[in-house]
Amino acid sequence: MSHSDDSRDPGQAQAPLIEHLIELRSRLMRAVVAILVIFLGLYAFANDIYGFVAEPLMALLPEGSQMIATEVASPFLAPFKLTLVVAVFIAVPYVLHQAWSFVAPGLYDNEKALALPLLASSVALFYAGAAFAYYVVFPLLFQFFTQTGPENVAVMTDINQYLNFVLKLFFAFGVAFEIPIATFLLILSGATTVESLSKKRPYVVLGCFVVGMLMTPPDVVSQSLLAVPMYLLYEVGLLFGRLVRRKREADAADEDEA
């Protein structure tokens, strides 16, 4: 190969890289713009959104009790922060669509056929985890908290502390509900087998409670409310892993017969 050919190779190699970087920047900008547009549309309802998120606690407070703001800027910053989080939450499907559009051209057809359902399932499971936290966990958790304190202590929760608390739980349960996807991918990739994961159930149960302890407030109720669904979702992942294995075995048998 001549020296002139060598001098052209770096430029030829850089051209696709620059095009990919430009496309990546474009898709990131679209995702950010989508979040900002949703945020601006929701900001007028910031206090209503905060009221909705605070309802599980407010419904259980004694008559005459209310939430308080211990910092000067909290009445503005807490609803602002929550509205921004909600905007990201709503925009997740569009953000993932942009990520998918960037990655998809480099995938094979069989990878595309599998990746898209997994992506959609991941989003649905994350939303399901957040909904489970709001409609199931919060009422039980706040009922426990508000009824176990001393009688002479008034429950007056700071709005910023409450927001940090519930956002942590939303995230914890959203991520925990991704366990079936993670288990399924481990089996599908060949990193492990259904039999191997089945034998590790005692360690998985222990791990679920350890994760529950680390990702939730330091009480047995919230830890159990996260650990038990995590284990059940682990079993769901094993179930789908078995189904995929049987399908593969059936396809292999059909090919052998052919």
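**Exercise 1. At what angle do the axes of α2 and α3 cross, and how are the two helices oriented to each other?**

Step 1: the axes of α2 and α3 come within 9 Å and cross at roughly 85°. Axes here are lines fitted to C-alpha atoms over the stretch in contact, with angles running from 0 to 180 degrees between N-to-C directions.

Step 2: 65 to 115 degrees counts as roughly perpendicular, so that's the label for α2 and α3.

Step 3: now look at who meets whom (contact means heavy atoms within 4.5 Å). From α2, Ala46, Asn47, Ile49, Tyr50 and Val53 meet Ala78, Pro79, Leu82, Thr83 and Val86 of α3. That contact splits into eight nonpolar residues, two polar and no charged.

A quick note on the model: it's predicted, local features need pLDDT of at least 70, side-chain atom pairs count only at pLDDT 80 or more, and totals for chains, interfaces and linings use all residues. Residues are numbered from 1 along each chain as its sequence is written, and side-chain values use heavy atoms, with hydrogens and water left out.

**Exercise 2. Is Ser198 buried or exposed?**

Step 1: find Ser198 in helix α7, residues 194-199. Helices are DSSP runs (H or I, at least four residues), numbered from the N terminus.

Step 2: check its relative accessible area, which is 16%. Buried means under 20% and exposed over 50%, using a 1.4 Å probe and protein chains only, so Ser198 is buried.

Step 3: look for its partners. Leaving out residues up to four places away in sequence, Ser198 touches Tyr234, Leu238 and Arg242.

Definitions and conventions: Angles under 35 degrees count as roughly parallel, over 145 as roughly antiparallel, 65 to 115 as roughly perpendicular and the rest as oblique. Ala, Val, Leu, Ile, Met, Phe, Trp, Tyr, Cys and Pro count as nonpolar, Asp, Glu, Lys and Arg as charged, and the others, Gly among them, as polar.
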